[in-house]
Amino acid sequence: MRERVDRATDFLVERGFDGAEIGIVLGSGLGPLADAVEIEREVANREIPDFPESTVKGHEGRFIVGRLGGRRVLVLKGRLHGYEGYDLALTALPIRIMARLGIHTLVITNGAGGIDLDFRPGDVMLIEDHLNLQGRSPLTGPNVEEWGPRFPDMTAVYDADLRRLALEVARARGIALRRGIYASVPGPQYETPAEIRMLRSLGAQAVGMSSVPEAIVARHMGVRVLGLSVITNAAAGVTGATLNHDEVVAAGQAAGEEVSGLVAEIVSRMEAPAR
């Protein structure tokens, strides 16, 4: 894994992708957020040495470097998932690369099913904590000490200062930002009503199939994390309606303008962490 990260990082450094402060991962249907970035350079993932390709509709697969809210950002347009057949360590490969390229903060976005009965499609939830129900960890295997400790602390995965900033920005923009716990499950099938009842009993407000491996790896490498979920649908059994991916992508795109403005302002007001 280390050699793979080194090759990809060297490739991107040669093309001017280093020097960004903040990384952003775009979730299902949230590709329009990339349109708000003043792009300096971009490259398709398939052009990066040994970089796996996303196979999911709504996850285009590009690295972008540019400016958003006056800050230099690295954007991953299209993420990787375990259900595509990739090991979880590999799904978080882009985060390793972003950290090596110099980011100090990672903004993770995703499309999620609303478990909380008060949530509605189009709501945005601030992730306060997570449940890793993937059945494994992206840190499984040999540890690279230069990246982080063998047993990293996960007491505060989602940075409290960044969460306060997100709430402040949302209030100023008139956005009723929800708050809750995000459950990450393997997929690719959507959950059954019984599984949603189980997740609700575990304390989850939203559910998806990504993000948590990325957050774990970011914290392993000392990168701060802010997580935002766009509620794209009510989870199974909440309304009785069936679920399909096209509707999830469409709901994410519909929320794109509001989320883009929210993320851009949050990014513009972020302060670099004390070293």
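Hi everyone. A quick definition before we start: Ala, Val, Leu, Ile, Met, Phe, Trp, Tyr, Cys and Pro count as nonpolar, Asp, Glu, Lys and Arg as charged, and the others, Gly among them, as polar. Please also keep in mind that this is a predicted model.

With those classes in hand, let's look at the cavity. The structure holds one cavity of 30 Å³ or more, and the volume of the largest cavity is about 60 Å³. What classes of residue make up the lining of the largest cavity? There are four nonpolar, six polar and two charged residues. The lining includes R79, H81, Q134 and E214. Helices α2, residues 88–91, and α6 each supply at least two residues of that lining.

Let's stay with helix α6, which covers residues 212–220. A215 is found in this helix. Is A215 buried or exposed? A215 is buried, because its relative accessible area is 0%. Leaving out residues up to four places away in sequence, A215 touches I108, V157, Y158 and V225. Take V157: A215 and V157 are 58 residues apart in sequence, yet their C-alpha atoms are 7.0 Å apart in space.

Now on to H220, also in α6. H220 has 3% relative accessibility, so H220 counts as buried. Which side chain makes a polar contact with the side chain of H220? That is N143, at 2.9 Å. A polar atom of the H220 side chain also lies 3.0 Å from the backbone oxygen of P149. Beyond its neighbours within four places in sequence, H220 is in contact with several other residues, among them R96, L139, W147 and M154.

Note on methods: Residues are numbered from 1 along each chain as its sequence is written. This is a predicted model: local features need pLDDT of at least 70, side-chain atom pairs count only at pLDDT 80 or more; totals for chains, interfaces and linings use all residues. Side-chain values use heavy atoms; hydrogens and water are left out. Helices (H or I, at least four residues) and strands (E, at least two) are DSSP runs, numbered from the N terminus. Buried means under 20% relative accessible area, exposed over 50%, partly exposed in between (1.4 Å probe, protein chains only). A polar contact is a pair of N or O atoms within 3.5 Å; within protein, one must be able to donate a hydrogen and the other to accept it, and residues adjacent in sequence count only if both atoms are side-chain atoms. Contact means heavy atoms within 4.5 Å. On a 1 Å grid over the protein atoms alone, a cavity is a set of points where a 1.4 Å probe fits but cannot get out, and a pocket is an open set with protein on both sides within 12 Å along at least five of seven lines; lining residues have an atom within 4 Å of a point. Grid points are joined across faces, edges and corners, and a volume is the space filled by probe spheres set on the points.
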